[in-house]
Amino acid sequence: MNAALPERTALTLGPVLFNWAPETWRDFYLRIADEAAVDTVVLGEVVCSKRAPLYGVHLPAVASRLKAAGKEVVFATLALVIGPRDLELVEALCGADALIEANDVSALGHLRGRPHAIGPMINVYNEGTLAWLASNGARRICLPPELSADSIEQLGSVAIDREVLAFGRLPLAVSARCYHARSRGLTKNTCQYACDADADGMAVETMEGESFVAVNGMQTLSHACANLLGDVDDLQRRGVRRLRLSPQKVDMVAVAQVFRDRLDGTLAADESLERLEDLAPDLPFTNGFYHHAEGSAWVPARG
Amino acid sequence: MNAIDRKVQPMELVCPAGTPAALRTAVDAGADSVYVGFRDETNARNFPGLNFSRPELEAGIAYAHAKGAKVLVAINTYPRAGDMGPWHRAVADAAALGADAVILADMGLCAHTAEHHPELRRHLSVQASASNPAAIRFYQAAFGVKRVVLPRVLTVDQIRALNREIEVETEVFVFGGLCTMAEGRCVLSGYVTGISPNKDGACSPASHVRYEDQGDKLVARLGGMCVDQFPTGSPAGYPTLCKGRYVTGNDDKAAYLFEEPTSLSMIEHLPALQAAGVRALKIEGRQRGRAYVGRVVQAFREAVDDVAAGLPPNARDLMALAEGGRGTEGAYRKAWQ
Amino acid sequence: MLFAGFALRPIPPWLLQPALDRGLRHVLDRHPDLFERLADLDRPRYRIDVTDLPFGFVLDVAPERLTLVRRPELVDVAATATIRAPLLTLLELMQGRLDGDALFFSRDLVVEGDTEAVVALRNAIDGAGIDLIEEAMGVLGLLAGPLRAVLERAQRVFDAAASDLETVRQAALAPLARRREADRARLEDLERKVAELSRRRKREERA
């Protein structure tokens with residue numbers, strides 16, 4: 001991980017946020033290792049510590065396969081850390097000899113003085129906070145999804161790699177309550193892993209049938225899917241050299257290729273957008289936060 | 001053992017004030033501390049016509065101090081990139097006006113305050129979502145915070161365990177509006193309206209609320225989106241996004257997926273909180289009227305003193321003041337999660 | 001439709017304007033910063049539609065003016081926001097007894113247009129820490145007694161319900177009929193006093 005900005009814009013594959021079956025999870029990453037045009041892969045459980053043991057058995061093999069394929073591997077910590085089980089998970093991860101992406105302040109004490117990354121679940125809205133985190137050892141940050149283009153640019157005053165979420169459902173909230181469990185009359189303790197039924201999150205609609213959000217256990221994601229394909233030139237002008245693609249149940253290898261080709265200039269803006277629409281026909285796109293609008297809005301590219 | 005033998009130091013009662021009138025009401029009703037904000041986006045209750053100008057805060061602090069009460073200034077939104085001036089000025093003015101503490105959420109602002117106003121007492125806002133000993137120890141070590149307002153994600157047992165592992169004081173919410181999501185980590189409002197608690201200090205803002213009478217029902221909308229519907233003649237609620245009714249694939253019927261429109265009410269559980277080592281109790285509601293503030297503060301004053309004297313708290317019915325007329329213990333009870 | 005409107009219906013609106021002017025002046029003399037909390041808004045104008053009266057009000061904040069307008073003409077007034085409610089609910093609002101959170105909980109009170117401006121107005125009244133009605137009483141002369149009686153009666157209901165609009169609404173539905181009868185008697189008394197007051201003013205003006 002270098003503080004110096006690479007000329008080329010890199011692609012990061014964010015962690016799988018959903019509860020996929022362990023074999024599905026493993027096979028997904030094995031294919032990423034072999035085929036995906038991403039530079040970095042973030043692994044680990046961000047949403048619910050009860051899920052970590054399920055696919056944990058495959059984690060070492062997946063990590064070494066990704067490394068063997070030339071990918072940088074980063075491990076993400078939990079977003080909401082409450083009980084001893086959560087804390088143990090964070091401590092164990094921070095103790096490992098690996099690059100760690102902190103998604104809760106509980107990890108920052110462990111990571112102090114050593115290079116690490118900051119995930120999108122830590123509130124970083126300004127250069128004061130970012131500078132402090134850099135002084136604590138942070139070298140890269142995936143910015144929170146609600147930051148506008150202007151804020152993202154302002155944060156460039158701190159010498160740290162800025163990464164922006166460019167594809168995937170937006171993480172909107174975390175809670176101590178599991179809504180997947182609640183929707184079935186269960187609680188977090190008795191959840192029966194209700195969240196494994198929805199590979200892209202559970203669709204939530206208003207009483208008028210309008211799509212609103214997707215529930216992923218204790219996490220709430222946007223219904224709409226971030227798509228900054230039309231904004232990549234603007235992002236580069238603002239000094240952003242790293243984009244994050246957050247896994248959805250779509251062909252992520254193909255999604256990564258669209259972004260790679262667009263960034264390399266081998267695919268025109270209009271065509272790249274059409275390809276992405278074909279790849280994710282059920283996911284409406286949004287870039288509202290980036291354009292200082294409501295997060296569900298879609299602002300067409302300005303020429 | 002009689003009641004006098006069991007008397008311990010009462011927990012500090014921290015009460016909301018959205019206006020000078022509410023501050024005076026809260027102090028007169030027995031608040032140990034009153035928390036307030038400046039009239040701008042630097043605090044998480046940035047509602048139209050609410051909060052304090054600098055002269056109002058000066059007068060409010062004088063009033064509170066004359067009656068032995070403290071004033072805590074909430075500067076608990078996240079400063080804007082490239083425009084941190086308003087937040088830095090808020091901290092400087094709170095210090096200059098003699099505030100007893102500032103309540104901060106942003107790490108950068110914590111660092112700024114520790115550096116430029118080291119003698120100004122720092123509390124960590126609930127908006128910082130410090131939910132475990134490691135996070136709290138980090139804020140203490142890095143920024144010297146003296147008290148943490150705990151996010152509403154912990155059970156009473158977890159709070160007791162937490163207090164055994166940390167040195168700083170803890171403050172917990174005991175009454176009022178209930179965030180269903182972890183505080184400071186929710187952008188639902190921003191997703192629907194573009195205005196969010198972290199950036200703008202407002203959630204589900206009134207400016208985006210619309211009620212639409214469709215004859216047989218009233219539709220409550222936020223940013224044009226239907227949050228709930230109410231049949232004619234039944235009570236209508238404010239369209240806060242996490243208290244709305246939605247439809248999921250599991251059930252075609254609309255349900256309160258996140259939380260029912262209830263308020264937090266912990267007055268009956270004050271002895272358990274005291275036993276768990278909680279130092280201060282917080283009442284939510286800077287946006288509520290002075291009549292509300294007066295009633296709730298008075299009820300809690302009596303209850304806190306009773307508990308300190310080893311008596312059961314008089315849980316007189318505060319529910320008339322609660323949202324939807326119902327109360328919940330929220331995450332303090334494990335089955336809620 | 002409701003009690004108050006029924007009782008006040010026979011009074012020609014223009015008779016009340018001078019009292020309104022004096023009432024507002026009196027309040028502003030004592031609380032010059034009353035509307036300071038609305039400074040961020042662009043000179044808001046509120047259309048106050050009293051559903052049980054034959055007239056409503058237009059409240060301008062800069063410069064301050066409370067104008068009485070006949071109901072049919074009220075719809076033509078351009079305003080930042082409209083507040084539509086029965087008289088008693090509006091009086092509670094002016095007393096700062098209605099809660100900001102609860103402002104919309106009731107269909108007794110309907111807000112149209114800029115809801116933010118209405119919340120700001122409520123906060124301004126609440127923040128002044130004054131009881132506008134009580135203060136205005138001073139200039140209402142003979143009106144004050146009966147009006148206060150009506151308000152005190154209402155206040156007991158509201159006290160029991162802690163002034164929350166939600167509970168107010170619940171309280172209002174069942175006992176409404178009973179309250180109406182009692183209040184009507186008081187308002188008839190009020191009506192007589194208003195008539196007497198206006199006759200006296202006419203005499204003064206002629207003199």
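**Salt bridges, chains and an interface**

Modeller: B:Asp83 has a relative accessibility of 31%, so B:Asp83 counts as partly exposed. Please keep in mind that this is a predicted model.

Biologist: With which residue does B:Asp83 form a salt bridge?

Modeller: The partner is B:Arg80, and the closest N and O atoms are 2.8 Å apart.

Biologist: And is B:Arg80 buried or partly exposed?

Modeller: B:Arg80 is partly exposed, because its relative accessibility is 33%, and the range for that class lies between 20% and 50%.

Biologist: Which residue does B:Glu329 pair with in a salt bridge?

Modeller: B:Glu329 forms a salt bridge with B:Arg333, with 3.2 Å between the closest N and O atoms. B:Glu329 is partly exposed at a relative accessible area of 23%, and B:Arg333 is partly exposed at 39%.

Biologist: What about C:Asp126 and C:Arg122, are they buried or exposed?

Modeller: Both C:Asp126 and C:Arg122 are buried. Their side chains meet in a salt bridge, at 3.9 Å from N to O. The two residues belong to helix 5 of chain C, residues 115–127, where they are four residues apart, about one turn of the helix.

Biologist: Why would such side chains pair at all?

Modeller: In general, side chains of opposite charge can pair when their charged atoms come close.

Biologist: How many salt bridges are there over all chains?

Modeller: A search of the whole structure gives 53.

Biologist: Let us turn to the contact of chain A with chain B. How many residues does each chain contribute?

Modeller: Chain A contributes 63 residues and chain B contributes 65 residues. In chain A, the residues that lose the most area to chain B are A:Arg177, A:Met207 and A:Phe212, which together make up 15% of what that side buries.

Biologist: And how much area do the two chains bury between them?

Modeller: About 5200 Å² is buried between chain A and chain B, with 60% of it on carbon and sulfur atoms.

Biologist: How many salt bridges are counted between chain A and chain B?

Modeller: The count is four. One salt bridge joins A:Asp104 to B:Arg185, whose closest N and O atoms are 3.2 Å apart.

Biologist: Which elements of chain A supply at least two residues of the side that touches chain B?

Modeller: Among them are helix 5 (108–111), helix 6 (127–135), strand 7 (161–174) and strand 10 (219–227) of chain A. The residues on the side of chain A that touches chain B comprise 31 nonpolar, 21 polar and 11 charged.

Biologist: In what sense do strand 8 of chain A and strand 11 of chain B pair?

Modeller: Strand 8 of chain A and strand 11 of chain B, residues 246–248, pair in the antiparallel sense over two bridges. A:Glu205 has B:Val247 as its bridge partner in strand 11 of chain B.

Biologist: A change of topic: where is A:Trp298?

Modeller: A:Trp298 sits in the segment after strand 12 (285–286) of chain A. A:Trp298 counts as partly exposed because its relative accessibility is 35%. Leaving aside neighbours within four places in sequence, A:Trp298 is in contact with A:Asn227, A:Leu273, A:Phe285, A:Thr286 and A:Asn287. A:Trp298 and A:Gly288 are 10 residues apart in sequence, and their C-alpha atoms are 5.5 Å apart.

Biologist: How many helices and strands are there in chain B?

Modeller: Chain B has 10 helices and 15 strands. Of its 337 residues, 64% are buried. Among the contacts in chain B with a separation of 6 or more, 60% come from residues 24 or more positions apart.

Biologist: And what does the secondary structure of chain C come to?

Modeller: Chain C has nine helices and five strands, in the order α-α-β-β-β-α-β-α-β-α-α-α-α-α from the N terminus on. Of the 207 residues of chain C, 56% count as buried. Residues 24 or more positions apart account for 69% of the chain C contacts with a separation of 6 or more.

Biologist: Finally, in which helix does C:Gly23 lie?

Modeller: C:Gly23 lies in helix 2 of chain C, residues 17–30. C:Gly23 counts as buried because its relative accessible area is 8%. C:Gly23 and C:Leu66 are 43 residues apart in sequence, with 9.4 Å between their C-alpha atoms.

Definitions and conventions:
Residues are numbered from 1 along each chain as its sequence is written. Chains are lettered from A and ligands numbered from 1 in the order in which they are written. This is a predicted model: local features need pLDDT of at least 70, side-chain atom pairs count only at pLDDT 80 or more; totals for chains, interfaces and linings use all residues. Side-chain values use heavy atoms; hydrogens and water are left out. Contact means heavy atoms within 4.5 Å. Buried area is the accessible area (1.4 Å probe) that two parts lose on being put together, summed over both. Ala, Val, Leu, Ile, Met, Phe, Trp, Tyr, Cys and Pro count as nonpolar, Asp, Glu, Lys and Arg as charged, and the others, Gly among them, as polar. Two strands pair if DSSP finds at least two bridges between them. Buried means under 20% relative accessible area, exposed over 50%, partly exposed in between (1.4 Å probe, protein chains only).
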